[in-house]
Amino acid sequence: LSLAFYNLIPVCKICNEGYKMSKTFRISTHIHPYLDDYDALGRFDQNFADGMLIHNITLDSTDSRVKKSTLVLGIMERYAQQSVKSVSKSIYYYGKQYTIPMKQQLINDWGLMNLAQVETNICRMHDIPSNVNEIRNISLGKLKRDLAKKYSLIP
């Protein structure tokens, strides 16, 4: 059962025990955490004006399986919590702080070879996945990576 679809969807305890319960999941109607590339299927977004979040975090996707999985698992309700908003606000400010000139200066200050190394180090310092393979290993990884891309912390 460790690889059975119905046992894997979803995999975390909060989702599995608190949201999934007895709901039916199918490959045709829900995303699969190992087979589907969730990173390619949707993007988290938010908007700030003068440092103030002007709407809740959203998930943009045209894939009906992403929409259904997100709804059933209460993802957006959990991402509306103040603690998650604080994380997203921090990433917004990191984007303001680490401008291209600042990143260029950090190449010299840190003795690095290129911009990509600086961006990787910035992400590491702030617990943001710098590449897609790290998303599952960091809390709120997908959200953090999407916002880091939006605010030009990473390409």
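**Figure 1. Salt bridges of the predicted model.** The structure holds nine salt bridges, a salt bridge being a side-chain nitrogen of Lys or Arg within 4 Å of a carboxyl oxygen of Asp or Glu. This is a predicted model, in which local features need pLDDT of at least 70 and side-chain atom pairs count only at pLDDT 80 or more, while totals for chains, interfaces and linings use all residues. Residues are numbered from 1 along each chain as its sequence is written, and side-chain values use heavy atoms, with hydrogens and water left out.

**Figure 2. The salt bridge between arginine 65 and aspartate 36.** The closest N and O atoms of arginine 65 and aspartate 36 are 3.0 Å apart. Arginine 65 belongs to helix α4 (residues 64-72) and aspartate 36 to the loop between α2 (13-20) and α3, so the pair ties together parts that are 29 residues apart in sequence. Helices (H or I, at least four residues) and strands (E, at least two) are DSSP runs, numbered from the N terminus. Both arginine 65 and aspartate 36 are buried (under 20% relative accessible area; exposed is over 50%, partly exposed in between; 1.4 Å probe, protein chains only).

**Figure 3. The salt bridge between lysine 150 and aspartate 45.** The side chains of lysine 150 and aspartate 45 meet at 2.5 Å, N to O. Lysine 150 lies in helix α9 and aspartate 45 in strand β1, so the pair ties together parts that are 105 residues apart in sequence. Lysine 150 is partly exposed, at 33% relative accessible area.
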